[in-house]
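Visitor: Can you walk me through this model? I'd like to start with the ligand.

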Amino acid sequence: MPDAESLLEDMKRALEALDLDGVLGTLEAALSAGIGPEKIISDGLSKGMDTIGRRFDDGELFLPQVLLASKIMDEAMEILSKEMNTGTSDHYRAIIVMGTVSGDIHDIGKNVCVAMLRGARYKVIDIGNDVSPEDFVKAISDSSADAVGASSLMTTTLVAQKKLVETMEEFDCRALKLFGGAPCSEEWVKSIGGDGYSSNGHDMVLLVDRLLKK
Ligand code: B12
């Protein structure tokens, strides 16, 4: 039986090679070997997706290949999400609304954060992608959410995070406001009046733990 490190390396390579069977095979082997879903996401799948993103940025890959990578990622995340959804509603630590902002359909990173938060026993209301600030506010009030997380993957849609803060203020919506996505940063979040930023799903869980304890 290969060790955890080489299994996750094989999974990363299979995703980079756009090999669905390879990803699902190593995923099954990793779960049978007792490797936790969080580790599989952060040390296997996310690293493979990083390479895909870099190769796309460098012009080595094109949209159809990136789409295929994201479909493989979706299938893997679906299996892992089932593994991570534990406990009943009595055990939820807090409620968090998660979505990708208006004009932006990128949702792989948001889905990773959703899975990580659910794995850490948060109740997550996932409202999908291309979500208007008004729909974010509605989902927050309908669920009495403690926090909202809004993802933006494009410089052109970053401004929608600011609009969300403004709309929440307008409706006196007091949930904690968390932001992320590749073009987002700590400075940006401070400048728009957000409560927290993190660069990955694992750190988002730590951020929420810390902010909700206050
Ligand atoms: C995959 C991808 C796609 C897929 C999306 C599939 C899907 N279901 O998401 C497809 C092919 C559909 C696509 C389409 C487009 N894309 Co695209 N895409 C990417 C790519 C290659 C990877 C993004 C990704 O999934 N990364 C992997 C995940 C795991 O990482 P992540 O998203 O950063 O998420 C992590 C953190 O950011 C953080 N995080 C994320 N969200 C949140 C939220 C909170 C609250 C917190 C705390 C943390 C957090 O945690 C996550 C997990 O660790 C990037 C390139 C890149 N280098 O990022 C381009 C990229 C984002 N796309 C880009 C563009 C332009 C487009 C298109 C307009 C088409 C085009 N001409 O290329 C369309 C967009 C249409 C639209 N309206 O949205 C540009 C954006 C440029 C810009 N203006 O900033 C990029 C940067 C590529 C480039 N260099 O040109 N894309």
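Guide: First a term: domain bounds come from an automatic or database domain assignment. Domain 1 (4-84) and domain 2 (89-213) both give residues to the shell around the ligand, so the ligand lies between them. This is a predicted model, where local features need pLDDT of at least 70, side-chain atom pairs count only at pLDDT 80 or more, and totals for chains, interfaces and linings use all residues. Residues are numbered from 1 along each chain as its sequence is written.

Visitor: Which residues come nearest to the ligand?

Guide: G53, G109, G149, S151 and G180, out of 38 residues around the ligand. A residue counts as near if its C-beta atom, placed from the backbone, lies within 6 Å of the molecule.

Visitor: Which element gives the most to that shell?

Guide: Helix α3, with six residues. Helices (H or I, at least four residues) and strands (E, at least two) are DSSP runs, numbered from the N terminus.

Visitor: OK, new topic. At what angle do α6 and α7 pack?

Guide: About 50°, with the axes of α6 (residues 133-143) and α7 (residues 159-170) 9 Å apart. Axes are lines fitted to C-alpha atoms, for helices over the stretch in contact, and angles run from 0 to 180 degrees between N-to-C directions. That makes α6 oblique to α7, as angles under 35 degrees count as roughly parallel, over 145 as roughly antiparallel, 65 to 115 as roughly perpendicular and the rest as oblique.

Visitor: Which residues make the contact?

Guide: P133, E134, F136 and V137 of α6, with K163, L164, T167 and M168 of α7. In contact means C-beta atoms, placed from the backbone, within 7 Å.

Methods
Contact = placed C-beta atoms within 7 Å.
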